[in-house]
Structure formats: C-alpha cells, structure tokens
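Hi there,

Here is the structure I promised to pass on. Have a look at it first, and my notes follow below.

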Amino acid sequence: MILLKKNLAFRTMILAQLFNNLGTSLFNIVFLMIAASRPHAKLAVTVVAFTTFLPNLFAILLGNLADKTHNHLRAWSITRLTQATIFLGIASLLFAYEKQTVTFIMLLFLIFINDILGLYSSLLMDPITRYILAQKDMQTAMSLEQAVSITMTMIGGFFGAGLFSLLNNNAATFSLINALFFIVAWLVMTAHQQYFIKPQQQISQHLANRSRNTLFSDFNATFTLVYRDRLFFQLIVLAAAVNFVSTSLAGLFNLTLLQIHQLLIGNFGTTVAVFGAVETVSMLLGSIVIHDIFQHLTTKQLIGTACGLLLLLGLVPSIWPNRLVWLCLISGIGYVSAKINPRLGAIMMQRVAPDRLASVGGLINTLVLATAPLGQLLFLSLANIITPSFAWLTMSALLFIIVSYTIYTRHCDLERVEN
C-alpha cells in the first residue's frame, strides 16, 4: 500500500510537471515570435535568449531559499498560482498595449520573474522526490522525468507555433491559455495533496532541527559538502567542462550549414528541422530505454562516450562533410547524453541529505550553466572571425583532453570502486 501511494505521488508530480512544461515551452516559442516581429528583430531575439538564460545563474540562491522554506507544498502552490497570475497580467498588457516598446520591456521583466519562480518551484520538489522514491527507483524516475520534459518541449514547439497561427497571432489570448496550464498543474497537485503530507512532515522536522545560518555560511557549507564528496565533485567538474563545449553546438551547426552545402538536406530550414527532430527523438529514446549496452557504464564513462562522439562530430566538417555521418553522430550523441543527467540526478538524491538537496541542486545548476556563455563566446567568435570548421576543430581538441582523462583514470573510477 505504501509503495502504491509513492508511485501515485510521483505520477501526480509528473502529471503536474507535464502541464508546467507545456505552458512554458508554448510561450517560449510565442515570445520568440513576438521578438522577431519587433522593429529591431535581431536585438530583440538576442535579449529574449539572454533573459531566459539569466535565471539559471540565480539557482544557487533559489536552492538555498527552497531548503529554508518550511512548507514546500504550500510554497509550490503559491508559486504556480503566481505564475498563472503573471500570464494573466501579460495577457492584459498585450490586449491593451501590444505594439508599444515599453510593453516588450515589461514582458521581458515578467518572463524573467516567471522563470525565477519556475526554477524555485522545481527545486522545492527535489526533497519531496527524495522521500517518495526508493533509491533503486531514482534513476528510472529521473529518466522518466527527463522524457516528459523532452516530449513536452517537442510538442510545445510544434503545437505552440500552430496554435499561435490558428489564433491569428493573438499573443494575448495565447497568454490566457498559458495561465490555464499553470492552474491545471496546481489543481492536479491540490487534488492529490494527501500523497505528500508525510514527506512534508519529514521535511519540516528536518528543518526544525537544523540550525539557522547566514546566507554566506549556507553557501560555504553547501560547497564544502559537494567538494568533499570526491565522486560527486569530479562528475560536476566534468559536466561543467562538457557544457562549456556543447552549448555552442546549435549556433555552430547553423553557421556551418551556411558554408558547407554538402550537409544540407534540401534547404536550410528543412535541414535544421530534420537534425533537430533526430536529436530530440534520440534523447527521448535514451531517456526511455533503460536496459541497453550503456546500463553498466559508470557516469564518467558515459560522459567520455558522449564526448568521443562529439569529438568525431567536430571532425566531420573538415575531414568528411557527409550529412548521413553527421546525422548518425548527432543521433548517438542525443541517445548517450540523455542518460547522463538522470544518473547525476540519482547520484545527488542518494548522496545528499534531504535538507540540502535544493541547495546542492541550485549550486550544480549555477556551476554547470555558468560555463555556457564563455563557451559560446569562444566558439562562435572563432566561427565568425576565422571559419566554422576551425571552431569545430578547436572544440574537438578540447574534447580530446576530456576523453583522454576519462580513459586515463578508468582504473580508479570512484563510482565503480564504491559499488
């Protein structure tokens, strides 16, 4: 009976997340369309990209706040209803003043606040997940959660663009639909709140026994906790290094297609759509298929495998610009990389105390994503100043170092030693 309740609790969380992700991915597409229709479209689209990325840098603060929150479920409910209210406000703005520049600035601010709230609510649920899942089920659960996120992003992109067209590009009405998705997510959790009473009581008890510290003391304790766990810290550093390299892939890919026409499948737009679909489907399969040839690899070995495939991908434009080879490599990268995040999530759940989970999750999010702008600056600058092929080769050289490290240290893989 207890196991059944835990399964129902996790399914409820997944269902609520489904509506949250659908609402977020829907409006992300429309927000880009609104930006693209502005007089200075390139600048507007760039500002939108920066605005949607910026909240991730606040994850360490939000994680600390989430860990200090007494009632996680109530805070989650308030957050989701606040997000719905924000979209109602966006709808009002667009109904009355859609074409004005000040409206676009207000939209940027409101979307920033909405994304901050979304990240905070996500971190709030980490300790809940820790209590309702058995350790042996965590990786499977993380994979399922990732599969839902990927699916909703994929569906949201196509459905959002189609629905926006059906609504005659009426962004105000679209915002009302987004508000509805957040309300539905809130209703799903509220209707099944009995599944979360015991986990909430355990979290509150841990919080009551925890000493009150300053913000700096909490940051220091969180970082020390991660740093002293040699396996965990090593994996985070590797993930940050990979993120430094990989976040430029989409931009490099687009610039490469403009120069090397052998890689095109029809026209530019069709090629981007095909390669994007292949990557998404591969990641979805990687999340769903648990028992395969990669299941016995350690997390570090998975990272090394993904980096090896990325290395080969970077050599294609210079050595053998063949669209089929590139398509196969992108498919392999998507499949393998989809297995890494659930592993990291499961390791974090297993090794970190429940009252530190949100703080550690926020710290990891900030450390890993902070490398993204630096990587984009380096590789996209090389692609524009020299050539995309040179940028790919530079990326491959850095990936060779990571792959060499994972091979060289294979005999002292801490994850394998501990197991």
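Does Asn243 count as buried or exposed, and at what relative accessibility? Before the answer, please keep in mind that this is a predicted model.

Asn243 sits in helix H10, which covers residues 230-246. Its relative accessibility is 13%, and buried means under 20%, so Asn243 counts as buried. Setting aside neighbours within four places in sequence, Asn243 is in contact with Val368, Leu369, Thr371 and Ala372.

Next, a pair of helices. H11 (residues 249-259) packs with H16 (residues 357-385), their axes 9 Å apart and at an angle of about 10°. Angles under 35 degrees count as roughly parallel, so that is how H11 and H16 lie to each other. Their crossing is left-handed. On the H11 side, Gly251, Leu252 and Leu255 take part, and they meet Phe379, Leu380, Ala383 and Asn384 of H16. By type, the residues of this contact are 5 nonpolar and 2 polar, with no charged ones.

Finally, the largest nonpolar core. This core has 118 residues, and the members that touch the most others in it are Ile90, Phe232 and Leu313. The helix that gives the most to this core is H5 (residues 101-132), with 16 residues.

Technical notes
Residues numbered from 1 in each chain as written. Predicted model: local features only at pLDDT ≥ 70, side-chain atom pairs only at ≥ 80, totals over all residues. Heavy atoms only, no water. Axes fitted to C-alpha atoms, helices over the stretch in contact; angles between N-to-C directions. Helix = DSSP H or I, 4+ residues; strand = E, 2+ residues; numbered from the N terminus. Parallel < 35°, antiparallel > 145°, perpendicular 65-115°, else oblique. Left-handed = near helix turned anticlockwise from the far one by under 90°. Contact = heavy atoms within 4.5 Å. Nonpolar A, V, L, I, M, F, W, Y, C, P; charged D, E, K, R; others polar. Core = buried A, V, L, I, M, F, W, Y, C linked by side-chain atoms within 4.5 Å. Buried < 20%, exposed > 50% of the residue type's maximum accessible area, 1.4 Å probe, protein only.
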